[in-house]
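Here is a colleague's note to read beside the model. Keep the structure open and find each element as it is named.

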Amino acid sequence: MQPTIEKKIAGKLVLGITGGIAAYKAAELVRLLVKAGFDVQVVMTSAACQFITPVTMQALSGKPVFIDMWDSSISNGMPHIELSRHADAILVAPASADFMAKLVQGRADDLLSTLCLARDCSLLVAPAMNKQMWENPATQRNINQLKADGISILGPDSGEQACGEIGLGRMLEPESLLALVNAHFTPKLLAGKRILITAGATLEMLDPVRAITNLSSGKMGYAIAQAAADMGAEVTLISGASSVTAPSGIRKIDTISANEMYDAVMNNIIKQDIFIAVAAVADYRAVSQESEKIKKKSSMLTIELTRNKDILAEVASLPNAPFCIGFAAETENLLEYAEAKRQLKKLPLLVANLANEALGSDENSVTLLDKNGAHPLARAPKTEVAKLLLMHVAGML
Ligand code: CTP
């Protein structure tokens, strides 16, 4: 067996917090970033400290928070240089209208603006302000200038604001910011590749109100779609039932039955470079779907089932088949059954997992099976498993 593929640190981030009511959301953002594996150094403006305390941010980030230009705890006395040189990126969230105006002018009158000016890493800015402030031509001029200077603007979002008005200007939710930061840090290993992914559970109707389905949540397939998009791929997600929110920037096609999913895959498979079958596709459907509700009559009910087409096997046997990856969820003899499936369906790569460890969970432990053998991955969030799987695929390609 090959050694376990290890999880890496996601990246080193300076999180700048400026003065605005959305500063309270920075607490949740730090928590999510740290959970996702980022090393987060918080720097606050003195205005930000009016909205949320440095103690809260220190507790969540696990590091002292810097506010002051003249902080004596930095050994060389130059915190603006020291902090920005250790970062892979600076994220300012929330970024007030005033702070963005300062960035445009290259002003450096506090620690955060100085380290932004002194940076040699990328700068991401998440604006947060009242909608009139956002719409003001001065702010719009500043935003355009920041973009022209190569600064990434994340958001803002639209919706109800702290002042009670409704419109554009809210800071993006912490989950959305995390997704964008993840995308920023992900190497574009799949740039130029087209990937088709199936995900979720199929549903086979028996009558107008009853169906055969399964417990797949779609979390793994959606995580792969997100990771593939982050790695620069053009993603089409063909989904069965799932309550997971689709990643932005991908094409999603909703399907219900295995037959619908098969048709959607076959209509979109041409020109795809990679096909990843994550969906839990029903192997059988009812021979005939009753048009009226089935009534209980006798003590036994027999429903005749017929086999559905195996989408993955059919794609893998196409003349110009894309690089095909299958999943196998087993309850016993995991590697033996999974490797047999890989060979039967003629797949270059198969992901084996135990059904009881994977179904519905946010985490998974999987083993990648290819012609070189088994590569177990450490148990990790499905988002992390998705990245490691795609890095392996990029390596194989
Ligand atoms: N798959 C598919 N179309 C089907 C059935 C499965 O594309 N009609 C894909 C799944 O998305 C997954 C893999 O094939 O990638 C699962 O293989 P399979 O042998 O069908 O798994 P099970 O149905 O669990 O098989 P078994 O019941 O024999 O264990």
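This is a predicted model: local features need pLDDT of at least 70, side-chain atom pairs count only at pLDDT 80 or more; totals for chains, interfaces and linings use all residues.

The numbered points below go through sheets, helices and a few backbone details.

1. The open sheet. Eight strands make up an open sheet, and their order across it is β12-β11-β8-β13-β16-β17-β19-β20. The pairing in this sheet is mixed. Which strands stand at the edges? They are β12 (251–254) and β20 (373–376); each has a single partner strand, so one side of each has no neighbour in the sheet. From one strand to the next, the twist averages 20 degrees.

2. Strand β8 (residues 194–199) pairs with strand β13 (residues 274–277) in the parallel sense, over four bridges.

3. Helix α9 (residues 219–230) lies across β8, β11 (234–239), β12, β13 and β16 (323–330). Its direction is at about 165 degrees to β11. Helix α12 (residues 334–344) lies across β16, β17 (349–354) and β19 (366–370). The angle between α12 and β17 is about 150 degrees.

4. A helix pair. Two packed helices are described by the angle between their axes and the distance between the axes. For α9 and helix α14 (residues 382–396), the axes come within 8 Å and cross at roughly 55 degrees. That angle is why α9 counts as oblique to α14. The crossing of α9 past α14 is right-handed. On the α9 side, the contact is made by Lys219, Met220, Ala223, Ile224, Ala227 and Ala228. On the α14 side, Lys382, Thr383, Val385, Ala386, Lys387, Leu389 and Leu390 take part. Sorted by class, the contact between α9 and α14 has nine nonpolar, one polar and three charged residues.

5. A residue to look at in β19. Is Thr367 buried or exposed? Thr367 sits in strand β19. Its relative accessibility is 11%, and because buried means under 20%, Thr367 counts as buried. Leaving aside residues up to four places away in sequence, Thr367 touches Leu335, Leu350, Val351, Ala352, Ala374, His375 and Pro376.

6. Strand β4 and its partners. Strand β4 (residues 122–127) has five of its six residues buried, so it is largely enclosed by the rest of the structure. Strand β3 (residues 89–95) runs parallel to β4 and is joined to it by five bridges. Within that pair, Ala95 has Pro127 of β4 as its bridge partner. Strand β5 (residues 152–153) also runs parallel to β4, joined by two bridges. There, Leu124 stands opposite Ser152 of β5.

7. A hairpin. Strand β9 (residues 204–207) and strand β10 (residues 210–212) run antiparallel and are joined by three bridges. Glu204 has Ile212 of β10 as its bridge partner. How many residues does the hairpin from β9 to β10 pass through? The hairpin joins the two strands through two residues.

8. Cis peptide bonds. Most residues other than glycine have a negative phi, and most peptide bonds are trans. This point and the next list exceptions to look up. The bond between Ala93 and Pro94 is cis, with omega about 0 degrees. Pro94 lies in strand β3. Gly155 and Pro156 are also joined by a cis peptide bond, with omega about 5 degrees. Pro156 is in the loop between β5 and β6 (157–160).

9. Positive phi values. Asn333 has a phi near 40 degrees, a positive value in a residue other than glycine. Asn333 is in the loop between β16 and α12. With 38% relative accessibility, Asn333 counts as partly exposed. Lys346 has a phi near 55 degrees, again a positive value in a residue other than glycine. Lys346 is in the loop between α12 and β17. At 66% relative accessibility, Lys346 counts as exposed.

Methods. Residues are numbered from 1 along each chain as its sequence is written. Side-chain values use heavy atoms; hydrogens and water are left out. Axes are lines fitted to C-alpha atoms, for helices over the stretch in contact, and angles run from 0 to 180 degrees between N-to-C directions. Angles under 35 degrees count as roughly parallel, over 145 as roughly antiparallel, 65 to 115 as roughly perpendicular and the rest as oblique. A crossing is left-handed if the near helix is turned anticlockwise from the far one by less than a right angle, and right-handed if clockwise. Contact means heavy atoms within 4.5 Å. Ala, Val, Leu, Ile, Met, Phe, Trp, Tyr, Cys and Pro count as nonpolar, Asp, Glu, Lys and Arg as charged, and the others, Gly among them, as polar. Two strands pair if DSSP finds at least two bridges between them. Buried means under 20% relative accessible area, exposed over 50%, partly exposed in between (1.4 Å probe, protein chains only).
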